[in-house]
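Dear colleague,

Please find below the structure I am handing over to you, together with its sequence.

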Amino acid sequence: MLLLGLTGQIILVGGIMFGTKKEKITPDQVTSALSTVMDPDLHQDIVSLGMISEIKIDGSKVHFKLTLTTPACPVKEKLEQECKDAVSAIAGVETVEMESDAAVASSRKVAGREPVEGIKQIVAITSGKGGVGKSTVTVNLAVALSRLGAKVGILDADITGPNVPIMMGVDDYQPTARDNRIVPPENFGVKVISMAFFVSRDTPVIWRGPMLDKAIRQFLRDVEWGELDYLLVDMPPGTGDAQLTMVQATQLSGGVIVTTPQDVALLDGRKGMAMFKQMQVPVLGFIENMSYFQPPGSTERFEIFGHGGGKKLAEEESVPFLGEIPIDTAIRVGGDHGHPIVAADPNCAVSEAFMQIAKNVAAQLSIHALAPVG
């Protein structure tokens, strides 16, 4: 004979307790459990950040949705596992179903600077001097972000020396228009606009500042970008007219500075950082290109231009060091043939370096967009 006790216990007459009645799992329990999971970059719990939604409970099965701040989240796997573990620890939960996606946050509003419709984050990639591989870095970061699931574009702001179309394999593109807006070509999941599409390959662009200003503004406003998570702007070297125009013409989410290990490049990199700070543009960090050379099949590294200068500079200036990229002839070959190495050989060490740097850049953008002010 079975009797139901006042506390919900099921008692078998004859002396054996059969068990207890299962408590119903509630959404509040799930929310409370998930609020213990912290975003390591933003230093806030994922519930407060609005990253949890669509909590559904069916008996002992719990379903919820995790929306990351970027598809390039460097701690994606860690957060997903912590979420599953937190919900699994709730009494009575036997099955956890988690849906995961991403929604890139728009950059913070800056007074007097207008964002570009449809573009969430605009990132200026610059260098204090030429020859450090800034365009190569821009192209491969764009492809890396696209491979990670982001919607990406490149604006080639080096009006007098455009070379992004060659590196992206779209140099033969003939511009077309739709509704009075330029339709950009797309390759490797990345949209591209450049002055190279509007002048013949052998024609020099000899323009003064006002003309450069007008061209950059048109590339921002008169191009059919559609919806983009990230627009990477390949800046010309130095701290001249193009840099001033980008800051004045739109709302920059941040700046990335590309340098190489030698002292002269680091000196110019410091100037680039000072420029961003003076213009009140967040400095996302430094990338050290041509960091070292490692022969195929060898564990030996040759530090041709020195090593570690970019990281040291970042530490001295208290800004993030986003990563280092080794010297590899495949990078040059990919750029010359319009097939960036991240797309041509995604599993090689150089591509993995670009992928990690892309995640680091995306993380910094999320921090600046979502971290508490003050």
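Please note that the model is a predicted one. Strand 10 spans residues 152-156, and five of its five residues are buried. In a regular strand the side chains alternate between the two faces of the sheet.

Strand 10 has parallel partners in strand 14 and strand 15. With strand 14 (residues 190-193), strand 10 pairs in the parallel sense over four bridges; within this pairing, Ile 154 stands opposite Val 192. Strand 15 (residues 228-234) also runs parallel to strand 10, and five bridges join the two. Here the bridge partner of Asp 156 is Asp 234.

**Surface patch**

Phe 302, Ile 304 and Phe 305 make a nonpolar surface patch of about 270 Å². Of these residues, Ile 304 lies in the loop between strand 17 (283-288) and helix 8 (309-317). Ile 304 counts as exposed because its relative accessible area is 52%, and the cut-off for exposed is over 50%.

**Largest pocket**

The largest pocket holds about 320 Å³ of space. It is lined by 17 residues, of which Thr 136, Met 290, Asp 328, Ile 331 and Arg 332 are the closest to its centre. Helix 4 (164-168) and helix 9 (329-336) are the elements that give two or more residues to this lining. Helix 9 gives the most, with five residues.

With kind regards

Terms used: Residues are numbered from 1 along each chain as its sequence is written. This is a predicted model: local features need pLDDT of at least 70, side-chain atom pairs count only at pLDDT 80 or more; totals for chains, interfaces and linings use all residues. Side-chain values use heavy atoms; hydrogens and water are left out. Buried means under 20% relative accessible area, exposed over 50%, partly exposed in between (1.4 Å probe, protein chains only). Two strands pair if DSSP finds at least two bridges between them. Patches are made of residues with over 30% relative accessible area and no salt bridge: like charges are joined within 9 Å, nonpolar side chains (Val, Leu, Ile, Met, Phe, Trp, Tyr) within 5 Å. Accessible areas come from the Shrake-Rupley method with a 1.4 Å probe; for residues, only the protein chains shown count as cover. A salt bridge is a side-chain nitrogen of Lys or Arg within 4 Å of a carboxyl oxygen of Asp or Glu. On a 1 Å grid over the protein atoms alone, a cavity is a set of points where a 1.4 Å probe fits but cannot get out, and a pocket is an open set with protein on both sides within 12 Å along at least five of seven lines; lining residues have an atom within 4 Å of a point. Grid points are joined across faces, edges and corners, and a volume is the space filled by probe spheres set on the points.
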